[in-house]
Amino acid sequence: MKQTVLTRYRVMAYITAVWLLVFTAAIVAKYGFETGDTMVISQIHGVLFIVYVIFAFDLGSKAKWSFGKLLWVLAAGCIPVASFFVEPKISRETQALIAESDAAKAAA
């Protein structure tokens with residue numbers, strides 16, 4: 001596995017998390033205070049979330065995650081602020097896999 005796979009996932013995890021927070025604030029403003037529109041924000045978040053799902057699947061397949069772990073990572077992209085807690089844990093685990101892979105390549 002390459003470092004770029006993890007980097008793509010990390011970037012999209014943070015971007016998606018920030019846009020989800022923006023979208024949540026827009027929803028609160030729209031329905032709580034009857035101001036603003038959420039159409040553009042929701043569309044941007046939707047496209048970013050699709051890219052996040054693709055990168056998470058790519059990372060999960062290369063890291064050989066179980067289906068449950070993959071669902072857990074994908075669910076983190078749906079819950080505001082959850083990605084900020086899940087992403088560092090996933091990054092640490094994946095960094096260990098990348099280090100093992102690099103060590104195996106160096107030994108061969």
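Author: The dialogue below goes from the overall fold to single residues.

Author: This is a predicted model, in which local features need pLDDT of at least 70 and side-chain atom pairs count only at pLDDT 80 or more, while totals for chains, interfaces and linings use all residues. Residues are numbered from 1 along each chain as its sequence is written, and side-chain values use heavy atoms, with hydrogens and water left out.

Reader: How many helices and strands does the protein chain have?

Author: Helices (H or I, at least four residues) and strands (E, at least two) are DSSP runs, numbered from the N terminus. Here the protein chain has four helices and zero strands, and its order along the sequence reads α-α-α-α.

Reader: What radius of gyration does the protein chain have, and what would a compact globule of 108 residues have?

Author: The radius of gyration is taken over C-alpha atoms, and the globule rule is 2.2 Å times the number of residues to the power 0.38. For a compact globule of 108 residues the value would be near 13 Å, whereas the protein chain has 16 Å. Along the principal axes, the C-alpha atoms fill a box of roughly 65 × 20 × 20 Å.

Reader: What share of the residues counts as buried?

Author: Buried means under 20% relative accessible area, exposed over 50%, and partly exposed in between (1.4 Å probe, protein chains only). By that scale, 31% of the 108 residues are buried.

Reader: What share of the contacts joins residues 24 or more positions apart?

Author: A contact means heavy atoms within 4.5 Å. Among contacts with a separation of 6 or more, residues 24 or more positions apart account for 68%.

Reader: Where does UniProt place the feature "transmembrane region"?

Author: UniProt positions are given in the numbering used here, feature names are shortened, and annotations may be inferred rather than shown by experiment. The unreviewed UniProt entry places this feature at residues 12–33, 39–57 and 69–86. In the model, residues 12–33 are 100% helix and 0% strand, with end C-alpha atoms 30 Å apart. Residues 39–57 are likewise 100% helix and 0% strand, and their end C-alpha atoms lie 27 Å apart. The unreviewed entry also places "domain: DUF3817" at residues 6–92; that span is 84% helix and 0% strand, with its end C-alpha atoms 10 Å apart.

Reader: Is threonine 38 buried or exposed, and which residues does it touch?

Author: Threonine 38 is found in the loop between helix H1 (3–33) and H2. Its relative accessible area is 9%, and therefore threonine 38 counts as buried. Leaving aside residues up to four places away in sequence, threonine 38 touches Phe23, Ala26, Ile27 and Lys30. Methionine 39 belongs to helix H2 (residues 39–63) and is partly exposed, at 45% relative accessible area.

Reader: What is the phi of glutamate 34, and what is that of lysine 64?

Author: Most residues other than glycine have a negative phi. Glutamate 34, which is not a glycine, has a positive phi near 55°. Glutamate 34 lies in the loop between H1 and H2 and is exposed, with a relative accessible area of 73%. Lysine 64 is not a glycine either, and its phi is positive at about 60°. The place of lysine 64 is the loop between H2 and helix H3 (67–76), and at 73% relative accessibility lysine 64 counts as exposed.
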